Amino acid sequence: MARILWLNFAVVSSILLIACTNFVCCNNGRRVGDSMETEFSGFPVPLEHSYEVDDAAKFQVRGSLVVRAGREPSVSLIQNQLSEEDRTKLREVAAVDGLYRIRVPRVFLQAERQTDRQLDGHLTAFVRACAMVESHLSDVITLHSDVSGNLIGVSIVTIPGACSGAEVEDEVDLEVFNTTLSIMAPVTAPGPETALFLERMEQESEKKGKNPQEQKSFFAKYWMYIVPLVLFLMMSGAQDQSGGGAGGGAGGGGGR
C-alpha cells in the first residue's frame, strides 16, 4: 500500500513539474505581478467621472483606457458598472439639471516609456446629467491629439443628446455603460506641388530655347510689314498737305 502511494506521489510530482516548466517557458520570463503592457503593446490611462448635486467636481474612477501607441494609435476601454448608490445619485443630479463630467490625464500617445507619457494636468468634458440618464448611459467619447502625439482634448456626447423627460428604468438601463471610443488626429493638408511647378517651368524654358522665334518681340517679328505701312502713311500725309496749300493759293487769286 505504501508503495502504491509513493508511486502516485511520484506521478503527480512529475506532472506538476512538467506543467510548471511549460508555464515558465510560455511566460516569456515575466514574473507574477509584472505589467502586461509589453504583451498587449498598450498602456493604461484612467478615465474618471463626476456628478454631484452641488455641482462640485469630485472625480472617481469610471474605467481605464488602454492606449496602443504608434503612428496611428488605437484605444480600447474597460469600464466599471454603476452601483445602486451611483445610479441613485446620478438620477438626483439629473433631476436638478446638473452636469456629468469626465476627465483623462494629458499623456503623450507616442512615447515608448511610461515615464515619458504622463504630462501635467487633465482634460475635461461634460454633458447634462439628464442626457446621460435618458441615453441609458450611451455616450461617444473622442480623444483629440495634435500632430506630435500629445493628447490635447476630450469630448463627450450622448445618444440621443437632448433631455426630453423620458422615464428610465433604474435597474435595467443605468447599470452598464455603452460607449463608443475613438482617437482623432489632425489631418495633414497636402503641401504645394513645388517640384512639379519647377519641372513645368524648366520644360517651357527648354521649349523656348529650342525655338528662338517665340522669344522675339512683336516689332522684330513683323518689321517688314510695319515699315512699308509707316512709309506709305507718311507719304500720303505729305501729299495731302501739298494739295491743300495749292488749292488755297488759287482761291485767293480769283478774289482779286
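Reader: Is Asp-139 buried or exposed, and what is its relative accessible area?
Author: This is a predicted model, where local features need pLDDT of at least 70, side-chain atom pairs count only at pLDDT 80 or more, and totals for chains, interfaces and linings use all residues. Residues are numbered from 1 along each chain as its sequence is written, and side-chain values use heavy atoms, with hydrogens and water left out. Buried means under 20% relative accessible area, exposed over 50%, and partly exposed in between (1.4 Å probe, protein chains only). Asp-139 is buried, because its relative accessible area is 1%.

Reader: Which side chain meets Asp-139 in a salt bridge?
Author: A salt bridge is a side-chain nitrogen of Lys or Arg within 4 Å of a carboxyl oxygen of Asp or Glu. For Asp-139 the N to O distance is 2.8 Å. Asp-139 lies in strand E6 and its partner in strand E2, so the pair ties together parts that are 77 residues apart in sequence; strands (E, at least two residues) and helices (H or I, at least four) are DSSP runs, numbered from the N terminus. The partner, also buried at 1% relative accessible area, is Arg-62.

Reader: In what order do the 3 strands of the open sheet lie?
Author: Two strands pair if DSSP finds at least two bridges between them. Strand E6 (residues 138–145) pairs with E8 in the parallel sense over 7 bridges, and Leu-143 has Ile-183 in E8 as its bridge partner. The pairing in the sheet is mixed, and the order is E7-E6-E8. The edge strands, each pairing on one side only, are E7 (151–158) and E8 (178–184).

Reader: Which residue forms a disulfide with Cys-130?
Author: A disulfide is a pair of cysteine sulfur atoms within 2.5 Å, and the structure holds 1. Here the sulfur atoms are 1.9 Å apart, joining Cys-130 to Cys-163. Cys-130 lies in helix H5 (residues 129–134) and its partner in the loop between E7 and helix H6 (170–173), so the pair ties together parts that are 33 residues apart in sequence.

Reader: Which side chain meets Arg-103 in a salt bridge?
Author: The structure holds 5 salt bridges, and in this one the N to O distance is 2.6 Å. Arg-103 lies in strand E4 (residues 99–107) and the partner in strand E1 (residues 43–50), so the pair ties together parts that are 55 residues apart in sequence.
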